[in-house]
Amino acid sequence: MIKFLRRTASCICVLLMMNIVLLLDFFTKEESFIFSRIFYGFFLWITIGFFYLLTEILPCYEKGLKLRLQILSGGYELIVTSAICLFMEITGYIVFFCITKLSPLAIIRRYTPDTQRGILIMLAVNALMASVFLFIHYINGFLRTAFCSAQLGIVLRLLMLFFWWLPPFNLVLFAKWCAIVRREILYEKNRYLLDAARVESSVCRTRFPVIMVHGVFFRDWQYLNYWGRIPQALKRNGAAVFYGRQQSSLSIADSAAELKQEILHVLAQTGAEKVNIVAHSKGGLDARFAISHLGMAPYVASLTTINTPHRGCQFADALLASLPQWLICFTASRYNALFHKLGDNAPDFLSGVQDLTAASCAVFNSRTPDMPNVFYQSVASKMHSMRSASFPLNIGYLLCKKYEGDNDGLVSVSSAVWRNYMGVLSAGKKGISHGDMIDLTHKNIKGFDVCEFYVLLFAGLKKRGF
C-alpha cells in the first residue's frame with residue numbers, strides 16, 4: 001500500500017510538471033496585477049519543480065538492498081511512472097475532447113485571431129514542456145537500469161541503444177527490458193529477506209571450515225571470483241569459506257599437491273581438526289587425489305563434487321585423437337604463456353586436458369580408492385539444448401551429447417555421479433550448464449537459485465555434523 005501511494009505521488013508530481021504551462025495560465029489569468037501573476041507563477045515553478053526534482057533524485061526503491069540495487073529499483077520505478085504518466089496524459093486529452101464534444105480547431109474558432117494565436121502557442125509550449133520533462137524522467141530511469149543491472153545482457157543493451165526509435169520493435173525491447181529488471185529486483189529482494197530471516201541461525205556455519213576448489217582453466221583471483229555471488233551468500237549465512245588456490249591447469253597430481261598445502265594452511269590458520277571440501281569440475285579429482293594419495297584423509301571430513309568428470313570426458317579423447325598435433329601444441333603454448341603472465345608459476349595445458357580423458361580417469365579411479373572416514377557426495381546438472389549456454393559450452397554440449405548423452409556442456413551426467421549421489425539439477429527451458437553451477441555469468445535462472453543451492457548444501461553438511 002505504501003509503495004502504491006509513493007508511486008501515485010510520483011506520477012502526480014511528474015504530471016504537474018509536464019503541464020506547468022497550463023497550470024500557470026489557469027492560476028494567474030484571473031490576477032489583475034502583474035506582480036501577483038509573477039508571484040503565483042514563481043511559487044508554482046518552485047513548488048512543483050522541487051517535488052519533481054526530488055522524484056528524479058530519490059525515486060521509490062526497495063529498501064534494505066545494496067546501493068546498486070536501490071539505484072536499479074529506483075530506475076525501474078522511474079520507467080514505470082513514465083509509462084503511467086504518458087498514458088494518463090494522452091487519456092486526459094482524449095477524455096476532455098470527448099466530454100466537450102469539441103476538437104482543438106473548434107475551440108480555437110470561438111476566439112479572435114489574436115486569442116487563437118495565443119492558445120495555439122500555449123498548447124504548443126505545453127506539449128513541448130510535457131515531452132521534455134517526461135523524457136528526462138524516462139531517460140533517468142533508463143540510465144539507472146542500464147548501468148546498474150547485472151542481468152541485462154550486452155546484446156539487449158546494444159539493441160535498445162540502436163533501435164529505441166523504431167516502433168514496434170522498440171516496444172518489444174522495452175517490455176523485455178522492464179521484465180528482466182523487475183525479475184532481478186524481485187530475486188535480490190527475496191534473497192535479502194531470506195538471509196535476513198535466518199541471520200541468527202547461521203545455517204551455513206559448519207563445524208569445520210570449507211575449502212572451495214575450482215576447476216580447470218581458472219584461478220582464484222581476488223577480484224574475479226570463480227564462484228560468482230555464491231561465497232558472499234554463504235558468508236552472510238555464517239560460513240567460513242576458503243579457496244583451493246591451485247594453478248589453472250596442471251596434472252591432477254600437481255594440482256592435488258598445491259591443494260594439500262592449502263588444506264594445511266587453513267588448518268593452521270583456523271585451528272580446526274578437519275576441513276570440508278566443495279569442488280567443481282576437475283577440482284573434485286584434485287581433491288580425491290589429495291585425500292587418497294597425499295595423506296589428507298585424516299584432515300578432510302567431507303568431499304562434495306559439483307559436475308566433476310569422475311569417469312572423464314569421452315569427447316576429450318576424440319578431440320585429442322583427431323585434431324592435428326601442431327594445433328594442440330600451438331593452443332597449449334599460447335595458453336601457458338597467457339596464464340603465466342596472469343600468475344601461474346608453470347601452467348601445463350596438455351596435462352590438465354589429458355588427465356580429463358575417459359581413458360586417464362579409468363586408470364585414476366582404479367588407483368584412487370575412497371577413504372573410509374571421508375564422506376563423499378556428488379551432484380550433476382544438465383542443459384536441454386545447445387542454446388542453453390554460449391561458446392564454448394554450446395559446442396561442448398553437442399560433442400558430449402554425441403558420445404555420452406545428457407550433459408552440462410562439458411561433463412556428462414553419468415560421469416558426474418560418485419558415491420552419495422544428490423541427483424541431477426535442471427530448470428526451465430534451458431537447463432543448468434557447467435558454468436551456471438558456479439554462477440559464472442551471474443545470471444538469474446528461473447527455477448534455480450544457485451546461491452540458495454549452496455546455502456542448503458552447507459546447511460546439509462552442518463546437519464551431518466561436519
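## A strand enclosed on both faces

Strand S3, which covers residues 275–280, has six of its six residues buried, so this strand is largely enclosed by the rest of the structure. The model described here is a predicted one, and residues are numbered from 1 along the chain as its sequence is written. The burial of S3 can be followed face by face: Val275, Ile277 and Ala279 lie on one side, Asn276, Val278 and His280 lie on the other, and all of them are buried, which leaves both faces covered.

What are the partners of S3 on its two sides? Strand S1, made of residues 210–213, pairs with S3 in the parallel sense over four bridges, and within this pairing valine 210 stands opposite asparagine 276 of S3. Strand S4, made of residues 300–306, also pairs with S3 in the parallel sense, here over six bridges, and the bridge partner of histidine 280 in S4 is isoleucine 306.

## The whole sheet

In what order do the six strands of the open sheet follow one another? The order is S2-S1-S3-S4-S5-S6, and the pairing is parallel. The two edge strands are S2, at residues 241–243, and S6, at residues 420–425, each of which pairs on one side only. From one strand to the next, the sheet has a twist that averages 20°.

Is strand S5 buried or exposed? Seven of the seven residues of S5 are buried, so S5 is largely enclosed by the rest of the structure.

## How helix H11 meets two other helices

Helices H10 and H11 pack at an angle of about 70°, and their axes are 8 Å apart. An angle from 65 to 115 degrees counts as roughly perpendicular, and therefore H10 is roughly perpendicular to H11. On the H10 side the contact is made by Ile252, Ala253, Ser255, Ala256 and Leu259, and on the H11 side by Leu285, Asp286, Ala287, Phe289 and Ala290. Sorted by class, this contact of H10 with H11 has eight nonpolar residues, one polar residue and one charged residue.

Helix H11, at residues 283–293, also approaches helix H15, at residues 358–367, where the two axes come within 11 Å and cross at roughly 30°. Because angles under 35 degrees count as roughly parallel, H11 is described as roughly parallel to H15. H11 passes H15 in a left-handed crossing. In this contact Leu285, Arg288, Phe289 and His293 of H11 meet Cys361, Phe364, Asn365 and Arg367 of H15, and by class the contact has four nonpolar, two polar and two charged residues.

## An exposed lysine in a loop

Where does lysine 430 lie? Lysine 430 is placed in the loop between S6 and H18. Its relative accessibility is 51%, and residues over 50% count as exposed, so lysine 430 is classed as exposed.

Leaving aside residues up to four places away in sequence, lysine 430 touches Met383, His384, Arg387 and Ser388. For lysine 430 and serine 388, the separation in sequence is 42 residues, whereas the separation in space is 4.5 Å from C-alpha to C-alpha.

Definitions and conventions:
This is a predicted model: local features need pLDDT of at least 70, side-chain atom pairs count only at pLDDT 80 or more; totals for chains, interfaces and linings use all residues. Side-chain values use heavy atoms; hydrogens and water are left out. Axes are lines fitted to C-alpha atoms, for helices over the stretch in contact, and angles run from 0 to 180 degrees between N-to-C directions. Angles under 35 degrees count as roughly parallel, over 145 as roughly antiparallel, 65 to 115 as roughly perpendicular and the rest as oblique. A crossing is left-handed if the near helix is turned anticlockwise from the far one by less than a right angle, and right-handed if clockwise. Contact means heavy atoms within 4.5 Å. Ala, Val, Leu, Ile, Met, Phe, Trp, Tyr, Cys and Pro count as nonpolar, Asp, Glu, Lys and Arg as charged, and the others, Gly among them, as polar. Buried means under 20% relative accessible area, exposed over 50%, partly exposed in between (1.4 Å probe, protein chains only). Two strands pair if DSSP finds at least two bridges between them.
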